[in-house]
Amino acid sequence: MDPEIASARQAADDARVLAFGRLQGAAHRLGYLLGRALERECGITNLMYEVLLIVGRTGEDGLTMRSIAQEQVLTTGGATRLVDRMVAVGLVTRTASPSDRRVQLVRLTALGEETTVRASRLHVANIEQFFFGPLPEDHRERFAEDLRTLSHFARDALPRLR
């Protein structure tokens with residue numbers, strides 16, 4: 001606890017609180033802008049896009065439902081519902097693991113692969129315009145690295161799903 005914060009005004013004016021609020025505000029606004037573009041142009045939500053990316057990274061091996069839930073900070077039930085929607089529109093398949101029939105592996109379909117590529121082209125263009133574009137060019141790489149550090153630290157601080 002910070003003993004220097006003794007009033008609501010001090011809390012509201014604290015540089016750390018302001019910086020975090022700006023980070024959250026930017027993330028929400030950028031998420032909205034980029035997410036709406038994915039929905040409008042590709043017919044997928046930002047969360048579906050993130051799942052396509054993480055499943056795509058695993059290739060033919062596939063990814064477990066538990067891994068999807070952990071990576072996206074979802075409950076296993078939430079991950080199951082999301083993947084069910086993605087199966088229904090033909091983006092992924094879900095099959096039993098050959099080594100443990102209780103474990104479901106998620107893999108991209110051909111449509112999932114095509115959608116990931118199309119969505120990524122759009123997403124990269126929008127990232128360049130809305131995320132990196134406003135920043136000085138010589139700050140972009142460091143900024144991206146700092147965000148990676150924060151993301152990994154926060155991920156590692158979360159409790160693991162059982």
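1. A salt bridge is a side-chain nitrogen of Lys or Arg within 4 Å of a carboxyl oxygen of Asp or Glu. Accessible areas come from the Shrake-Rupley method with a 1.4 Å probe, and for residues only the protein chains shown count as cover.

2. Please keep in mind that this is a predicted model, in which local features need pLDDT of at least 70 and side-chain atom pairs count only at pLDDT 80 or more, while totals for chains, interfaces and linings use all residues. Residues are numbered from 1 along each chain as its sequence is written, and side-chain values use heavy atoms, with hydrogens and water left out.

3. Now to the surface. F20, L23 and L150 form a nonpolar patch there, and together they have about 290 Å² of accessible area. L23 sits in helix α2 (residues 15–42); helices (H or I, at least four residues) and strands (E, at least two) are DSSP runs, numbered from the N terminus. L23 counts as partly exposed because its relative accessibility is 37%, given that buried means under 20% relative accessible area, exposed over 50%, and partly exposed in between (1.4 Å probe, protein chains only).

4. How many aromatic pairs are there? Rings of Phe, Tyr and Trp (its six-membered ring) pair if their centres lie within 6.5 Å; planes under 30 degrees apart count as stacked, over 60 as edge-to-face and the rest as tilted. By this rule there are two aromatic pairs. F131 and F132 make an edge-to-face pair, because their ring centres are 4.8 Å apart and their planes stand at 75°. F131 and F143 are tilted, because their planes are at 40°, with the centres 5.6 Å apart. This second pair links distant parts of the chain, F131 in helix α6 (residues 110–132) and F143 in helix α7 (residues 137–157), 12 residues apart.

5. F131, F132 and F143 form one aromatic cluster. Within it, F132 is buried at 17% relative accessibility, whereas F131 is partly exposed at 25% and F143 is partly exposed at 32%.

6. Finally, have a look at T109, in the loop between β3 (104–108) and α6. A polar atom of its side chain lies 2.4 Å from the backbone oxygen of G90. Leaving aside neighbours within four places in sequence, T109 is in contact (heavy atoms within 4.5 Å) with G90, L91, V92 and T93.

Definitions and conventions. Patches are made of residues with over 30% relative accessible area and no salt bridge: like charges are joined within 9 Å, nonpolar side chains (Val, Leu, Ile, Met, Phe, Trp, Tyr) within 5 Å. A polar contact is a pair of N or O atoms within 3.5 Å; within protein, one must be able to donate a hydrogen and the other to accept it, and residues adjacent in sequence count only if both atoms are side-chain atoms.
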